[in-house]
Amino acid sequence: MAEEPASCVVGVDFGTLSGRAVVVRVHDGAELASAEHAYAHAVLDRTLPDGTRLPPDWALQVPSDYLDVLRHAVPEALERAGVRPEQVIGIGTDFTACTVLPVLADGTPLCDLPEYASRPHAYVKLWRHHAAQGQADRINALAAEREEPWLERYGGKISSEWEFAKALQMLEEDPEIYHRTERWVEAADWIVWRLCGTYVRNACTAGYKGQYQDGAYPSRAYLAALNPDFADFVTGKLDHPIGRLGSPAGTLTAEAAAWTGLPEGITVCVGNVDAHVTAPAAVAVEPGQMVAIMGTSTCHVMSSDQLGSVPGMCGVVDGGILPGLWGYEAGQSGVGDIFAWWVRTGFPASYAERAAAAGQSPHEYLTALAAEQEVGEHGLIALDWHSGNRSVLVDHDLSGLLVGLTLSTRPEDVYRALLEATAFGTRTIIESFETAGVPVDELIIAGGLTKNALLMQIYADVTRRPLGVIGSTQGPALGAAMHAAVAAGAYPDIRAAAHAMGKVRRGVYRPDPRRAAAYERLYAEYRLLHDHFGRGADDVMHRLRRLRAEASA
């Protein structure tokens, strides 16, 4: 008698530049195959598709690019896995956040309407759209003045990356688009809407990016005090029934089945955020297990049985990651992006020739050279704020800094200093948690940067902690698939799914006492610069930002 084919689930991870689909076996989490599809329009940060110029700090996307991931990556992953469609019992998705878009009541993005093709505010605002800092500053100042109770749950500040700041910017810069908007939707929920035909707002983005705490959003009176025309934002455009993580949002429509090659009627899981789904994929389901998802940016997520007010955290949400625990989020808005910037701008032709001859990528070549150095040998210290500071300062008008340059400084020196700066930023976040009485017992790394062994060792040395590493190269997609398995009824909850399907290698990198001691001196210099430029002693970064904006205008 032939063995019954194993049940599978599909997880789709929508990142900054591409979407990845992975086919996962339900009973043991084996990743049978994956496929990736790059967004045709990537990130719009200079012009719209029709050539309309964008101001500084804008970052937009085109929603049809997300549908192309469903049309291409999912069928390709199925084919590579050799899995028949009828074996698949559910599909789960995760998304960057806060990536948000204005739509009509039926989910049509405003940028898809011909009359709005040249209007920037009609497009998806990517998570790293930082042009709403002025609105975020006003949101924070007014909330502090009124002693709004929700502000403490976000460490005293909300970010320009989040839903309210971006929506207020839209209202104040393009009121027509704002008033045409019938739903202000996280892309995490929009893609689920397109898969199952039902709009369900997920609990994760509602809590972390939408300031939804204890069953309520910021009040109408508060919103009216920000701007009288913003008073009805929650009731008119945002509020919607909220779905629990790992619950069914609906079933796959015939249209989405045709896109993906999956059977109509299978379970579609409630949407989720890329970082938060990764925690159970890395079997981080106990209090104090922090997961740092390191890619273009880094998101730090952790569940705890302690409720604390961590200065500069992105938020704490009851059940935001795992049911029954407080879910914390913090992050760094530039990490891999910073390394890529240096390779684009600071990698000379002679280095490119030698890297090619050695069969190495620019990153591999610079990493090999940097690995030969002793701690402090380059004489540099950097601030990792090239995309602003998400945690703990929550200020996206801050900028990168490099101190110690001489005529002898080499590209690999700067590269190592940038690697180290991001590690110092992560240590700053960990110390902020622990000072607030929220212990961090374990650090696990996920994301594409885990392949850089030097970077991982630097993090172990700087944080003076052993590092675990997720046992998957597709952590978010695996986590999304695991939530789909729960939604389809294969597991009673995400903890059970994590223990069966998750993967982690603990203590892979351990701190070297000699290097760790040397890093103490560099970290002390980092904190001096951090507080001097980030806490108001010297406002030069903000002044330069204003000068740039005036010149661009």
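The structure is a predicted model, in which local features need pLDDT of at least 70, side-chain atom pairs count only at pLDDT 80 or more, and totals for chains, interfaces and linings use all residues. Residues are numbered from 1 along each chain as its sequence is written, and side-chain values use heavy atoms, with hydrogens and water left out.

I begin with two helices; helices are DSSP runs of H or I with at least four residues, strands are runs of E with at least two, and both are numbered from the N terminus. The axes of H11 (residues 336-346) and H14 (residues 411-435) come within 10 Å and cross at roughly 165 degrees. H11 and H14 are therefore roughly antiparallel, a term for angles over 145 degrees. Among the residues of H11 that meet H14 are Trp341 and Trp342, and Tyr415 and Leu418 are among their counterparts in H14; contact means heavy atoms within 4.5 Å.

Next, how many of the 10 residues of helix H5 are buried? Nine are, so H5 (residues 187-196) is largely enclosed by the rest of the structure. Buried means under 20% relative accessible area, with a 1.4 Å probe and protein chains only. The buried residues include Asp189, Trp190 and Trp193. Gly197 follows H5 and has a positive phi, near 80 degrees.

Finally, Thr450 lies in the loop between strand S19 (442-446) and helix H15 (453-463). A polar atom of the Thr450 side chain lies 2.9 Å from the backbone oxygen of Gly447. Leaving aside residues up to four places away in sequence, Thr450 touches Ile445, Met456, Val469 and Tyr509.

Technical notes. A polar contact is a pair of N or O atoms within 3.5 Å; within protein, one must be able to donate a hydrogen and the other to accept it, and residues adjacent in sequence count only if both atoms are side-chain atoms. Axes are lines fitted to C-alpha atoms, for helices over the stretch in contact, and angles run from 0 to 180 degrees between N-to-C directions. Angles under 35 degrees count as roughly parallel, over 145 as roughly antiparallel, 65 to 115 as roughly perpendicular and the rest as oblique. Buried means under 20% relative accessible area, exposed over 50%, partly exposed in between (1.4 Å probe, protein chains only).
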